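Subject: Structure for your files, with notes on pockets and strands

Hello,

The structure you asked about is below. My notes on the pockets and on some of the helices and strands follow it.

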Amino acid sequence: MLLVADIGNTQTHLGVYKGKSLVCDWRLSTRADNTSDELLITLNTLLSTNKEALDIKHVAIASVVPALSSEWTVAACLLSGTEPLLLTHKTAVGFSCGYDNPSEIGADRIADALAAIEFYGAPVIVVDFGTATNIEIIDKDGAFIGGIIAPGLATSANALFAAAARLPRIDIETPPRVIGRSTRAAVQSGLTYGEIDRIDGLVLRVFAELGYQAPVIATGGLSRRVLDLSSTITDVNDSLTLEGLRLAFERMA
C-alpha cells in the first residue's frame with residue numbers, strides 16, 4: 001500500500017493507493033508547527049479507520065511547506081520503515097521542463113503536470129485551486145513550460161475581510177445572480193464570479209500565446225464550484241495531485 005501526501009499551505013490532502021486504485025483519502029488543515037511524532041499519531045489514527053489502509057509500505061510526499069518537509073520525511077520513515085519519495089523536479093522521472101529555474105517549481109505543480117499528461121494527454125492546462133490559484137501549462141510536446149500563480153479564492157476573501165472593517169466575514173458561495181442585492185451577495189459575487197472570470201480570461205490569453213487550445217482540468221478543494229460557470233474548464237479531477245504522486249512513485253520504483 002502506498003500513502004501519498006500533498007502538503008499545501010492551508011490543507012494537506014492524503015490518499016492511500018492499492019495499486020492504481022485510490023482506497024481512501026482525507027483533507028486536513030496544515031499546521032506548520034507539527035512535529036514528526038504528532039504527524040505519526042495523526043496518520044495512525046486516520047489509517048486505523050480503514051482496514052485496507054493499515055499496511056503502508058511506501059510513502060510519496062509533495063510539500064510546499066519547507067518547515068514540514070523534514071518532519072513528514074521522519075514520520076513517513078517511522079510509518080513505513082522505508083525512505084519516502086520527496087517529489088522535486090529531480091526525482092520526477094519523465095518530467096520535461098521548460099522552466100527557467102526548475103528548482104522553483106512547487107512539488108504540487110509537478111504532480112499535477114505528471115497526472116494531467118497521463119490522463120488527458122498533451123497539450124493540457126491545469127487550474128489548481130488552493131491557497132494560491134495555480135495555472136499550469138503543458139505544451140503539445142508534453143513539456144511543463146510555465147504557468148500563472150495568483151491569490152486563491154479563500155486568500156483573496158481573507159485579505160478583503162481583513163482590510164475592509166465594515167465588511168462581515170461570509171461563506172464563499174456562488175450567488176444566483178451577478179448583481180448583488182445585499183452586501184453579502186455583492187461580496188459573494190465579486191469573489192466567486194471574479195475568480196471564475198479571472199481564470200477564463202487568463203486561460204484565453206494562454207491559448208492566444210500558445211497558438212492553440214487545450215483541455216483545461218480543474219483540481220483542488222474549490223474546483224467543483226466553478227465547472228458549470230467557467231467557459232474554459234473542461235473537466236474536474238479532485239485527485240489529480242494524488243494521482244501525480246502515485247505516478248511519480250511508480251516510475252521511480
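The largest pocket is lined by 34 residues, and those nearest its centre are Thr10, Phe129, Gly130, Thr131 and Ala132. A pocket here is an open set of points on a 1 Å grid over the protein atoms alone, where a 1.4 Å probe fits, with protein on both sides within 12 Å along at least five of seven lines; a lining residue has an atom within 4 Å of a point. Two or more lining residues come from each of β1 (2–7), β2 (11–18), α3 (107–120), β6 (124–129), β7 (132–138), α4 (153–163), β9 (216–220) and α6 (240–252). Helices (H or I, at least four residues) and strands (E, at least two) are DSSP runs, numbered from the N terminus. The largest share of this lining, four residues, is from α4. The pocket holds about 720 Å³ of space, where a volume is the space filled by probe spheres set on the points, joined across faces, edges and corners. Its lining has 10 nonpolar, 17 polar and seven charged residues. In this scheme Ala, Val, Leu, Ile, Met, Phe, Trp, Tyr, Cys and Pro are nonpolar, Asp, Glu, Lys and Arg are charged, and the others, Gly among them, are polar.

Before the rest, a note on the model: it is predicted, so local features need pLDDT of at least 70 and side-chain atom pairs count only at pLDDT 80 or more, while totals for chains, interfaces and linings use all residues. Residues are numbered from 1 along each chain as its sequence is written, and side-chain values use heavy atoms, with hydrogens and water left out.

The second largest pocket has about 200 Å³ of space. Its lining residues are Ile137, Ile145, Gly146, Gly147, Ile148, Leu202, Arg205, Val206, Glu209 and Leu210. By class, six are nonpolar, two polar and two charged.

Now for the elements themselves. β6, which contributes to the lining of the largest pocket, has six of its six residues buried, so it is largely enclosed by the rest of the structure. Buried means under 20% relative accessible area (1.4 Å probe, protein chains only). Val124, Val126 and Asp128 point one way from β6, while Ile125, Val127 and Phe129 point the other way. β6 runs antiparallel to β7, with six bridges between them, and a hairpin of two residues joins the two strands. Val127 has Ile135 as its bridge partner in β7. β6 also pairs with β9, in the parallel sense, over five bridges; there Asp128 stands opposite Thr219. Strands count as paired if DSSP finds at least two bridges between them.

Strand β4 (residues 58–63) has five of its six residues buried, so it too is largely enclosed by the rest of the structure. Six bridges join β4 to β1 in parallel, with Leu3 partnered by Val59. β4 also pairs in the parallel sense with strand β5 (residues 85–86), over two bridges, and Ile61 has Leu86 as its partner there. From β4 the chain crosses through helix α2 (residues 66–80) to β5 in a right-handed β-α-β crossover, meaning that with the strands pointing away from the viewer the path from the first strand over the helix to the second runs clockwise.

Lastly, α6 is mostly covered, with 10 of its 13 residues buried.

Regards

How values were computed:
Buried means under 20% relative accessible area, exposed over 50%, partly exposed in between (1.4 Å probe, protein chains only).
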